[in-house]
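Thanks for coming, everyone. I have one structure to walk through today. Please bring it up on your screens.

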Amino acid sequence: MEFLGFTLMGGGSPAWIDVPERSKSAFLELKRRKVHRYVIFKIDDRSEEVVVEKTGAPGESYDDFTASLPADDCRYAVYDLDFVSDDNCRKSKIFFISWSPDDSRIRAKTIYAVSRNQFRHELDGVHFEIQATDPDDMDLEVLRGRANRT
């Protein structure tokens, strides 16, 4: 079966999406070694892979992260949020963000939506998932609120 020009496996999940080791490694470097504050991934139509588009250094801010997301195209991202909990403990939580802005192409929105679960399950250790179509959906206070509920 074909969908938007890509071959689908039975069950409707895309057969073409691949997550190379270098993409998984970037996530593990964020999770285990804290060498990245965030990692932004994109689906490369030519190689049919989820590739690392950008990594943020540990000292980069949340504003640096959000400014790195395109206003008119979809992306996946992981963000390592350091915060002080309500009981005054320093903690860290990893967020998986599926960014699909309203101005992105329908084809891109569909491909990212169909592939999201497959890619997300490759990233063991994510604490929270956010689907955002607007910057307000992933405001820093939204992340802090979710992280403090645990």
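Let me start with a question: is cysteine 89 buried, partly exposed or exposed? Cysteine 89 counts as partly exposed, because its relative accessibility is 35%. The cut-offs are these: buried means under 20% relative accessible area, exposed means over 50%, and partly exposed lies in between, with a 1.4 Å probe and protein chains only. Cysteine 74 counts as buried, because its relative accessibility is 0%. As for disulfides, taken as pairs of cysteine sulfur atoms within 2.5 Å, the count comes to 0.

Now the ground rules. This is a predicted model, so local features need pLDDT of at least 70 and side-chain atom pairs count only at pLDDT 80 or more, while totals for chains, interfaces and linings use all residues. Residues are numbered from 1 along each chain as its sequence is written, and side-chain values use heavy atoms, with hydrogens and water left out.

Next, the overall layout. The protein chain has 4 helices and 7 strands. These are DSSP runs numbered from the N terminus: helices are H or I with at least four residues, strands are E with at least two. The order from the N terminus is β-β-α-β-β-α-β-β-α-β-α. Of the 150 residues, 42% count as buried. Contact here means heavy atoms within 4.5 Å. Among contacts with a separation of 6 or more, 61% come from residues 24 or more positions apart.

On to the strands. Two strands pair if DSSP finds at least two bridges between them. S3 and strand S4, residues 49-56, run antiparallel, joined by 7 bridges. Phenylalanine 41 has valine 52 in S4 as its bridge partner. The hairpin of S3 and S4 has 4 residues between the strands, and glutamate 48 takes a positive phi there, near 55°.

S3 also pairs with S5, antiparallel, over 4 bridges. Tyrosine 38 stands opposite tyrosine 79 in S5. S5 then pairs with S6, again antiparallel, over 10 bridges. Alanine 77 has isoleucine 97 in S6 as its bridge partner. That hairpin, S5 and S6, has 5 residues between the strands, and asparagine 88 takes a positive phi near 65°. How much of S5 is buried? S5 is mostly covered, with 8 of its 10 residues buried.

Now the packing. A nonpolar core is a set of buried Ala, Val, Leu, Ile, Met, Phe, Trp, Tyr and Cys residues joined through side-chain atoms within 4.5 Å. The largest one holds 20 residues, and Val50, Tyr76, Val78 and Phe119 touch the most other members. Two or more residues come from each of helix H1 (21-33), strand S3 (38-44), strand S5 (75-84), strand S6 (90-99) and helix H3 (106-120). H3 gives the most, with 4 residues. There is a second, separate core of 18 residues, including Ile40, Leu69, Ile97 and Ala147.

Next, isoleucine 94, which sits in strand S6. Isoleucine 94 is buried, because its relative accessible area is 4%. Beyond four places in sequence, its contacts include Phe27, Leu30, Val78, Val126 and Phe128. Isoleucine 94 and leucine 30 are 64 residues apart in sequence, yet 8.9 Å apart in space, C-alpha to C-alpha.

Two arginines deserve a look. Arginine 120 is in helix H3. Arginine 120 counts as buried, because its relative accessibility is 18%. Not counting residues up to four places away, arginine 120 touches Phe96, Val126 and Glu129. Arginine 144 belongs to helix H4, residues 140-148. Arginine 144 is partly exposed, because its relative accessible area is 33%. Its C-alpha atom is separated by 8.0 Å from that of leucine 81, 63 residues apart along the chain.

Last, the lining of the largest pocket. Which helix gives the most to it? Helix H2, residues 62-67, does, with 3 residues. Lining residues have an atom within 4 Å of a point; a pocket is an open set on a 1 Å grid over the protein atoms alone, where a 1.4 Å probe fits, with protein on both sides within 12 Å along at least five of seven lines. The lining includes Tyr62, Asp63, Thr66, Trp99 and Met138.

That's the tour. Over to you.
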